[in-house]
Amino acid sequence: TGVTRGYKMGGFNTNLTSESTENRSYSDETLYNYEIGLKSNYLGGKLTTATTLFYMDRKNPQFDGYGYESSYAHWVYFTENFESADAYGLETEFDWQITPQWSLYGSLGLMQTEIKGTPTFASFTVDGREYAHAPSHEYNIGAKYRGASGVYIQSDITSVSEFYFDNVHDFKSDAYTLVNARIGYEQDDFEIYLWGKNLTDE
């Protein structure tokens with residue numbers, strides 16, 4: 001449980017021209033973060049869990065922006081302030097040693113975000129929309145086998161909901177699910193693994 005305060009100093013966008021004088025500089029950002037969590041052990045320590053609830057309130061939030069400067073005849077990248085931004089959600093995870101050989105693990109993240117502001121080079125105002133790269137939910141679940149002979153097997157599934165690519169346009173990533181696997185042989189002096197990521201080619 002805790003309350004923390006974060007601070008990001010303002011600065012200047014020296015690569016912007018007089019066409020964008022309102023964003024030649026950007027203001028300080030202040031973050032107030034509130035968290036409450038619980039860590040637990042069950043089954044004689046074989047099952048561990050951790051859960052955290054959080055709320056983040058950002059004052060004068062700083063975001064990355066970009067656009068086309070006709071004076072330079074090229075794209076420029078800079079930092080700009082939005083009016084407001086906040087986020088709240090839940091993160092939880094578990095690790096269960098089912099037998100000496102088999103274990104199961106997983107995590108779940110739920111988050112709601114909201115920003116308000118007008119990007120410098122955009123023709124619209126962002127109001128009540130989610131942050132960029134902030135999926136509303138994602139989860140991971142997997143299993144491991146580690147035998148006494150040295151055989152090692154692991155597989156997991158990760159799923160992520162859709163999210164905006166950026167704050168200056170409306171393009172979104174599709175929701176996706178990834179399947180990963182790893183098999184190997186472990187000894188005191190060496191380890192050999194064969195692994196594959198995104199086996200379903202998402």
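Biologist: Where does Asn60 lie?

Modeller: Before we start, please keep in mind that this is a predicted model. Asn60 falls between two strands, E5 (47-59) and E6. The place to look is therefore the loop between E5 and E6.

Biologist: What is the phi of Asn60, given that it is not a glycine?

Modeller: Most residues other than glycine have a negative phi. Asn60 is not a glycine, yet its phi is positive, at about 50°.

Biologist: Is Asn60 buried, partly exposed or exposed?

Modeller: The relative accessible area of Asn60 is 39%. Buried would need under 20% and exposed over 50%. Asn60 is therefore partly exposed.

Biologist: Which residues line the largest pocket?

Modeller: About 190 Å³ of space lies in that pocket. Its lining divides into three nonpolar, four polar and three charged residues. They are Lys8, Gln62, Phe63, Asp64, Thr79, Tyr131, Ala132, His133, Asp166 and Asn167.

Biologist: Which strand gives the largest share of that lining?

Modeller: The lining includes Gln62, Phe63 and Asp64. The largest share is three residues, and it comes from strand E6 (residues 62-69).

Biologist: Which residues form the nonpolar patch on the surface?

Modeller: Together the members have about 510 Å² of accessible area. One of them, Ile98, is found in the loop between strand E8 (84-97) and strand E9 (102-117). Ile98 is partly exposed, with a relative accessible area of 39%. The patch is made of Tyr42, Leu43, Trp96, Ile98 and Trp102.

Biologist: What distance separates the C-alpha atoms of Leu194 and Arg182?

Modeller: Leu194 is found in strand E16 (residues 191-196), and it is exposed, with a relative accessible area of 62%. Along the chain, Leu194 and Arg182 are twelve residues apart. Their C-alpha atoms are separated by 5.8 Å.

How values were computed. Residues are numbered from 1 along each chain as its sequence is written. This is a predicted model: local features need pLDDT of at least 70, side-chain atom pairs count only at pLDDT 80 or more; totals for chains, interfaces and linings use all residues. Side-chain values use heavy atoms; hydrogens and water are left out. Patches are made of residues with over 30% relative accessible area and no salt bridge: like charges are joined within 9 Å, nonpolar side chains (Val, Leu, Ile, Met, Phe, Trp, Tyr) within 5 Å. Accessible areas come from the Shrake-Rupley method with a 1.4 Å probe; for residues, only the protein chains shown count as cover. A salt bridge is a side-chain nitrogen of Lys or Arg within 4 Å of a carboxyl oxygen of Asp or Glu. Helices (H or I, at least four residues) and strands (E, at least two) are DSSP runs, numbered from the N terminus. Buried means under 20% relative accessible area, exposed over 50%, partly exposed in between (1.4 Å probe, protein chains only). On a 1 Å grid over the protein atoms alone, a cavity is a set of points where a 1.4 Å probe fits but cannot get out, and a pocket is an open set with protein on both sides within 12 Å along at least five of seven lines; lining residues have an atom within 4 Å of a point. Grid points are joined across faces, edges and corners, and a volume is the space filled by probe spheres set on the points. Ala, Val, Leu, Ile, Met, Phe, Trp, Tyr, Cys and Pro count as nonpolar, Asp, Glu, Lys and Arg as charged, and the others, Gly among them, as polar.
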